Amino acid sequence: MIDCHTWKTGNGRKAILMLAESGLAHRIIPVDLSKGQHKTPEYTKMNPNQVIPTIIDNDAPGGPLTIFESGAILLYLAEKSGKLLPTNAAERAACYQWMFWHSATFVPGVIPLHMMAQGRIPKEPTAEQAALARAKALYTMLEARLGQSAFLAGAQYSVADVMMSPMLTRRTWHGIDLANFPNLKRWFEAITARPAAKEAFSDTPLA
Ligand SMILES: N[C@@H](CCC(=O)N[C@@H](CS)C(=O)NCC(=O)O)C(=O)O
């Protein structure tokens, strides 16, 4: 049994989606960020970064294994289940490329907009315009990639798509209307229509 400590945010949904796709036995343990449950001493012991998600694989060889960082969690689950990791070397490299791009470039690029939407930093007009322009450039890059192939790594759905897609639930914060990004829209609709996506995306508007 894998315990997944998470909440329905962009990062939190990635672990929920990957667990559902993996078919591995799991239970979701909500960590209510609004109540500061990610800052308790018990949670901090599992995840010193005090963010969600975190998983504990109670059946790992050698004893329970705790993993934090959504990308590491997704790759662990893909390897353990043997699902959604391309076997072809070129597609595997593309898969890693888009996963690292997501963590190192996309997320840092949109974080200022998340902080403005949550009132954690002021919505100063020049800063907001710059952040919106950066988000648009990042979405434009995704749109171009998805004009070349059905999914991020290539023809097949992979863990790179699991990594990226939940962040689109925040696209209103990013100033993005999918009507202007037809490839991205087709891709997002294909992912959210999968049976495994139901739990991860259930309480969010997908239009
Ligand atoms: N790099 C981390 C980021 C996780 C993250 O930022 N999670 C957010 C929710 S989307 C969080 O827990 N925020 C709580 C806070 O900032 O206090 C990962 O990918 O797992």
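Helices (H or I, at least four residues) and strands (E, at least two) are DSSP runs, numbered from the N terminus. This is a predicted model, in which local features need pLDDT of at least 70 and side-chain atom pairs count only at pLDDT 80 or more, while totals for chains, interfaces and linings use all residues. Residues are numbered from 1 along each chain as its sequence is written.

**Stop 1: two backbone details**

Select glutamate 69, in the loop between strand S4 (65-68) and H3. Glutamate 69 is not a glycine, yet its phi is positive, about 85°. Next go to proline 53, in the loop between helix H2 (41-46) and strand S3 (54-57). The peptide bond that joins isoleucine 52 and proline 53 is cis, with omega at about 5°.

**Stop 2: the ligand**

Show the ligand and select Thr9, Gly10, Asn11, Gly12, Leu33, His38, Val51, Ile52, Glu69 and Ser70, which surround it. A residue is counted as near if its C-beta atom, placed from the backbone, lies within 6 Å of the molecule. H1 gives the largest share of this shell, three residues. The shell has three nonpolar, six polar and one charged residues. For these classes, Ala, Val, Leu, Ile, Met, Phe, Trp, Tyr, Cys and Pro count as nonpolar, Asp, Glu, Lys and Arg as charged, and the others, Gly among them, as polar.

**Stop 3: H1 against H3**

Select H1 and H3, whose axes lie 10 Å apart at an angle of about 0°. Axes are lines fitted to C-alpha atoms, for helices over the stretch in contact, and angles run from 0 to 180 degrees between N-to-C directions. H1 is therefore roughly parallel to H3. Angles under 35 degrees count as roughly parallel, over 145 as roughly antiparallel, 65 to 115 as roughly perpendicular and the rest as oblique. On H1, pick Asn11, Lys14, Ala15, Met18, Leu19 and Ser22; on H3, pick Ser70, Ile73, Leu74, Leu77 and Ser81: these make the contact. Two residues are in contact if their C-beta atoms, placed from the backbone, lie within 7 Å. The contact of H1 with H3 has six nonpolar, four polar and one charged residues.

**Stop 4: between the domains**

Colour domain 1 (2-81) and domain 2 (89-200) separately; the bounds come from an automatic or database domain assignment. Their centres, taken over C-alpha atoms, are 21 Å apart. Domain 1 puts 12 residues into the contact and domain 2 puts in 13. On the domain 1 side, helix H1 (10-22) and helix H3 (70-81) each supply at least two residues. H1 supplies the largest share of that side, eight residues. The side of domain 1 that touches domain 2 has seven nonpolar, two polar and three charged residues.

**Stop 5: H5 and its partners**

Select helix H4 (residues 89-117) and helix H5 (residues 125-148), which pack at about 140° with axes 9 Å apart. H4 is therefore oblique to H5. From H4, the contact takes Phe106, Gly109, Val110, Pro112, Leu113 and Met116, and from H5, Ala127, Glu128, Ala131, Arg134, Ala135 and Leu138. Nine residues of the contact of H4 with H5 are nonpolar, one is polar and two are charged.
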